[in-house]
Amino acid sequence: MAIISLIKGAVTTAMLATLPSVLANPLPSYFNATGEAPPRIGKKCTGTINSAASVAAAVECTTIIIEAFTMTEGTTLTIAAPAGATITMQGSITFPYYQWAGPLMVVSGSSITFDGGGYQLIGNGLSYWDGLGGSGGKTKPAPMLEINNSGTFKNVNLLDAPMRGVAINGASLVVSNVNVDNSAGDASDLGANTDGFDVATNGPLTIENSSVHTQDDCLAINRGNDITFTGNTCAGPNHGISIGSINSDTTVSNVVISNNVMTDGVNGFRIKTDATATDSYVTTVTYSGNTLSGITSYGVLIDQSYPSTLGTPGTGVIISGISFTGTNTVAVASTAKRLEINCGSTTSCPGTWNLAGLDITGGSAGAIKNAVVSGGTY
């Protein structure tokens, strides 16, 4: 009995010794530091998606094939793949006309390899477009595609998105050869709020070798860091390669916009921050090697008065570290402004912005308000 009591005492002492560690780290070891479960481990099998009903079984496998099919109306195609899965499209997906909020398709998972094989996601935008976008009229599902995975996502063509095209929330991700074609929405200005890429990610993220023809932002970075947009093409009456609009408590940092081509945009490069926003930052944004032509309103527009354009600017978003390096050529229409900077104060737009690599021709000169810049032709 004495021996048993001694053992019990030793065990109790050992347990008490570990108590501080347990209290400091109450999550079991299979959770990470944020309390999230680890990536899901899939089965070594091949699953096939050819209907909404087939998704649940297919995403148990690490190899997923998507065949041509028409998605069930009013239902999101949610592909929550296991870690390391390979997803390959072998046919196009059609999303039938149906008024609802969306999104139409969501892909998530850790270290995913998604290859669309050049097939299409068909959104039937012509049935939705009424010139109102998200401001009224028909209810339009958006976004058409939401990419939440890490890894790679490539070779997909979006045709006629009802409203916003691609929303990217995934990090440690390379998106390449993803093409958004809303050119049919140009007719009678029917397409509206048809952003190409909307980005909100902690990065790193690269979007490369892709194309957008749309009636709203080609790219809109709403928050995030370590974002590269390179080798892409923006066409149609798009609203520009944009950062924002930036609301309160938001940071965008370490952005590289390089080697892109834009034709016939309303705006070229744009940074737009909400006039009433507070505690937000846009910092270290570099433009290099870009070629823009046919810009109809503003070659470069940096404006702290959103949703107004060149209205009364706010001071709650700090914009700093703006740099144009190499050669960035921007050709604007005769009625356009070459460069407009509308800052609320030199405190909200501090430092000296480097415009040495910026060359804007055509149109007329704009104003630079409460910002110090150096170099460039505008």
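This is a predicted model: local features need pLDDT of at least 70, side-chain atom pairs count only at pLDDT 80 or more; totals for chains, interfaces and linings use all residues.

Guide: Let's start with a term: buried means under 20% relative accessible area, exposed means over 50%, and partly exposed is in between, using a 1.4 Å probe and protein chains only. Residues are numbered from 1 along each chain as its sequence is written, and side-chain values use heavy atoms, with hydrogens and water left out.

Now, a disulfide here is a pair of cysteine sulfur atoms within 2.5 Å, and the count comes to three. C343 and C349 make one of them, with sulfur atoms 2.1 Å apart. The torsion about their S-S bond is about -85°, so this disulfide is left-handed.

Another joins C45 to C61, S to S 2.0 Å. With -95° about the S-S bond, that link is left-handed too. It connects distant parts of the chain: C45 sits in strand β1 (residues 43-49) and C61 in strand β2 (residues 61-66), 16 residues apart. (Strands are DSSP runs of E, at least two residues, numbered from the N terminus.) C45 is partly exposed at 25% relative accessibility, while C61 is buried at 5%.

Then there's C218 with C234, sulfur atoms 2.1 Å apart. Their S-S torsion is about -70°, so the disulfide is left-handed. C218 is buried at 0%, and C234 is buried at 0% as well.

Counting bonded cysteines along the chain, the pattern reads 1-2, 3-4, 5-6.

Key:
Helices (H or I, at least four residues) and strands (E, at least two) are DSSP runs, numbered from the N terminus.
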